[in-house]
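Could you keep the structure open while you read my notes?

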Amino acid sequence: METVAVVENGPATGDVVGVGKIKKNRIQVSTNKKPLFFYVNLAKRYMQQYNEIELSALGMAIGTVVTVAEILKNNGLATEKKILTSTVGTKDEAKGRLVRKAKIEILLGKKNSDDHDSADKEAAHEATEADAKK
């Protein structure tokens, strides 16, 4: 991990949001920046590079993170390892007070081809048993 400045709205604006440790395998999802399938495709690419990825979101973006994780799981690309929920405080510049927001972090692991094979074998076995009962 390395210390990196997080810049909002790209490097052209130069607005530094925060400085801290940034995980290379973390995808921070926003509701107003990119469409859903941008994050799905990005997560697929990260899955090829890393054994596990972390999807993270605040507030209204939580639904998007859950949807991305479910798409990856349903397509057989990832398995769910851990889900963390918490609340974080952020300062509302307009009102000048602390606002609490919900936060979710979903850790997904790369699904092995062995997992596909065992799931396929189990489904075939169940189908054979169902046919035998008929």
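Here are my comments, point by point.

1. Let me start with confidence, since this is a predicted model. The protein chain has an average pLDDT of 76, and 67% of the residues reach at least 70. Among the elements, α2 has the highest mean pLDDT, at 95, while strand β1 (residues 2-8) has the lowest, at 34. The pLDDT is below 50 over residues 1-19, although this stretch still has 30 contacts in the model beyond near neighbours in sequence. Please keep those values in mind when you look at that end of the chain.

2. Next, the overall layout. There are 3 helices and 6 strands in the protein chain, and their order from the N terminus is β-β-β-α-β-α-β-β-α. Of the contacts between residues at least 6 apart in sequence, 57% join residues at least 24 apart. The chain has 134 residues, of which 22% count as buried.

3. Now to the inside. Which residues have the most contacts within the largest nonpolar core? They are Ile27, Ile53, Leu55 and Leu108, in a core of 21 residues. Two or more residues each come from β3 (26-29), α1 (36-49), β4 (52-58), α2 (62-74) and β6 (97-110). Helix α2 gives the largest share, with 6 residues.

4. Ile27 deserves a click of its own. Setting aside residues up to four places away in sequence, Ile27 touches Tyr39, Leu42, Ala43 and Tyr46, and also Ile53, Glu54, Leu55 and Ser56.

5. Beyond its neighbours within four places in sequence, Ile104 is in contact with Leu55, Ser56 and Ala57, with Ile62, Val65 and Val66, and with Ile83, Leu84 and Thr85. One of these partners, Val65, is 39 residues away in sequence, and the C-alpha atoms of Ile104 and Val65 are 8.2 Å apart.

6. Glu52, in strand β4, is partly exposed at 27% relative accessible area. Gly109 is 57 residues from Glu52 in sequence, yet their C-alpha atoms are 4.2 Å apart. Apart from residues up to four places away in sequence, Glu52 touches Asn25, Lys81, Leu107, Leu108 and Gly109. Gln49 sits in helix α1 and is exposed, with a relative accessibility of 59%.

7. How many aromatic pairs does the structure hold? There are 2 aromatic pairs. Phe38 and Tyr39 form an edge-to-face pair, because their planes stand at 80 degrees, with the ring centres 5.3 Å apart. Is Tyr39 buried or exposed? Tyr39 is buried, at 4% relative accessible area, whereas Phe38 is partly exposed, at 32%. Tyr46 and Tyr50 are also edge-to-face, with 5.9 Å from centre to centre and 65 degrees between the planes. Tyr50 is partly exposed, with a relative accessibility of 28%.

8. Which residue lies over the face of Phe38? Lys34 does, at 5.2 Å from the ring centre. Phe38 thus has Lys34 over its face as well as an edge-to-face partner in Tyr39.

Note on methods: Residues numbered from 1 in each chain as written. Predicted model: local features only at pLDDT ≥ 70, side-chain atom pairs only at ≥ 80, totals over all residues. Heavy atoms only, no water. Core = buried A, V, L, I, M, F, W, Y, C linked by side-chain atoms within 4.5 Å. Buried < 20%, exposed > 50% of the residue type's maximum accessible area, 1.4 Å probe, protein only. Helix = DSSP H or I, 4+ residues; strand = E, 2+ residues; numbered from the N terminus. Contact = heavy atoms within 4.5 Å. Phe/Tyr/Trp six-rings, centres within 6.5 Å; stacked < 30°, edge-to-face > 60°. Lys NZ or Arg CZ within 6 Å of the ring centre and 35° of its normal. pLDDT = per-residue confidence, 0-100.
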